[in-house]
Amino acid sequence: MSTLKTERTRVRRIPDRGYYDKKTIYPIIDEALYCHVGINHNGSPVVIPTIHARINNTLYIHGSAASRLLQSIQEDSNLCVTISLIDGIVLARSAFHHSLNYRSVVVFGQGVIVNDFQEKWDALKAVSDHLVPKRWEDVREPNQKEMDATTVVSISLEEASAKVRSGPPGDDDADYALPIWAGVQTIELKKGTLIPDPVLPDSIGIPDYLK
Ligand SMILES: Cc1cc2nc3c(=O)[nH]c(=O)nc-3n(C[C@H](O)[C@H](O)[C@H](O)COP(=O)(O)OP(=O)(O)OC[C@H]3O[C@@H](n4cnc5c(N)ncnc54)[C@H](O)[C@@H]3O)c2cc1C
């Protein structure tokens with residue numbers, strides 16, 4: 001399916017900010033380090049932040065086999081996953097028109113517990129690669145006990161929307177004459193300083209892929 005637009009994902013509020021193509025949606029999913037997963041748990045909405053990764057047209061989340069999120073998917077597999085990237089604070093001349101510049105995605109789908117060992121392995125590697133490329137090859141691989149303690153859930157990316165706000169504030173015409181600074185303050189999420197584990201032997205240097 002080339003468009004992920006459905007009646008459920010059609011952006012109604014400011015529809016010209018809505019996108020339904022993979023070219024817009026997938027880079028937002030891939031840039032975000034985590035998502036929020038909304039579930040129906042015993043009749044009550046619960047939204048849980050968690051790490052994700054995408055392989056082709058499938059989104060994966062993982063967690064402890066004992067976690068409520070993953071247990072409740074077995075009872076009600078309907079999920080809503082939300083991903084948000086913040087690009088700036090929009091400083092308008094009026095309080096009302098303040099906003100954020102953002103790129104966000106909403107995905108609806110069924111959570112499916114991944115039982116196939118190879119798919120589960122690939123998903124966990126993708127989650128690792130998503131946070132720190134090349135780390136998986138450097139570290140001890142998961143053992144059987146760790147694999148068993150981990151549940152991986154897949155969500156097929158068939159129904160999704162992106163919403164993107166960019167650019168300067170949109171003030172009321174009369175307010176442009178006000179002597180008030182207006183514009184955008186950018187916000188960036190950047191990887192920072194590497195702080196060695198206090199018990200790390202001095203002989204172990206920082207790997208190139210982290211520099
Ligand atoms: C970081 C951030 C902060 C925001 N802050 C505010 C705020 O303070 N107040 C406010 O009113 N709005 C805010 N928004 C916009 C907000 O996410 C909604 O788009 C808006 O509130 C309209 O919601 P709705 O359910 O009425 O939209 P509708 O247009 O009725 O939603 C219909 C469908 O459109 C899609 N959709 C809606 N919003 C998004 C989205 N953001 N990303 C991807 N798909 C979407 C979904 O599939 C949804 O089911 C913010 C967005 C982001 C990313």
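This is a predicted model: local features need pLDDT of at least 70, side-chain atom pairs count only at pLDDT 80 or more; totals for chains, interfaces and linings use all residues.
**Reading loops, helices and a ligand shell**

Biologist: Does one read burial by counting neighbours, and if so, which class does asparagine 42 count as, buried or exposed?

Modeller: One counts the C-beta atoms within 10 Å, and 12 or fewer make a residue exposed, while 20 or more make it buried. Asparagine 42 has 9 C-beta neighbours inside 10 Å and therefore counts as exposed, and lysine 134, with 12 such neighbours, counts as exposed because it meets that cut-off. Isoleucine 51, in the loop between β3 (44-50) and β4, has 16 other C-beta atoms within 10 Å and so is partly exposed.

Biologist: With which residues is isoleucine 51 in contact, leaving aside its neighbours within four places in sequence?

Modeller: They are Leu33, Tyr34, Val127 and Leu131. By contrast, the C-alpha atoms of isoleucine 51 and arginine 93, which are 42 residues apart along the chain, are separated by 37 Å.

Biologist: How should I read the sides of a helix, and which residues of α3 are buried?

Modeller: An α-helix has 3.6 residues a turn, so residues three or four places apart point the same way. The buried residues of α3 are Lys120, Ala123, Leu124, Val127 and His130. They cover an arc of only 120 degrees around the axis, which means that they lie on the same side of α3. On the other side, Phe117 and Gln118 are exposed. The cover over the buried residues includes β4 (52-55), β5 (58-64), α5 (144-148) and β8 (150-156).

Biologist: Which residues are buried in helix α1 (residues 22-31)?

Modeller: In α1 the buried residues are Ile25, Ile28 and Ile29. They cover an arc of only 100 degrees around the axis, and so they sit on the same side of α1. The face turned away from that buried side carries the exposed residues Lys23, Asp30 and Glu31, whereas the buried residues pack against β1 (18-19), β4, β5, β6, β7 and β9.

Biologist: How many residues has the largest nonpolar core?

Modeller: In soluble globular proteins, nonpolar side chains tend to be buried together. Here the largest nonpolar core has 32 residues, and those with the most contacts inside it are Ile25, Tyr60, Val81, Val105, Val107 and Val153. Beyond its neighbours within four places in sequence, tyrosine 60 is in contact with residues including Ala123, Val127 and Val153.

Biologist: Which residues come nearest to the ligand?

Modeller: Of the 16 residues around the ligand, Thr9, Arg12, Ser104, Val106 and Lys163 come nearest. The shell divides into seven nonpolar, four polar and five charged residues. Its largest share, five residues, comes from β7, while β6 (78-91), β7 (99-113) and β9 (159-165) each supply at least two.

Terms used
Residues are numbered from 1 along each chain as its sequence is written. A nonpolar core is a set of buried Ala, Val, Leu, Ile, Met, Phe, Trp, Tyr and Cys residues joined through C-beta atoms within 7 Å. Two residues are in contact if their C-beta atoms, placed from the backbone, lie within 7 Å. A residue is near a molecule or strand if its C-beta atom, placed from the backbone, lies within 6 Å of it. Helices (H or I, at least four residues) and strands (E, at least two) are DSSP runs, numbered from the N terminus. Ala, Val, Leu, Ile, Met, Phe, Trp, Tyr, Cys and Pro count as nonpolar, Asp, Glu, Lys and Arg as charged, and the others, Gly among them, as polar. The arc is that of the directions from the helix axis to the C-beta atoms.
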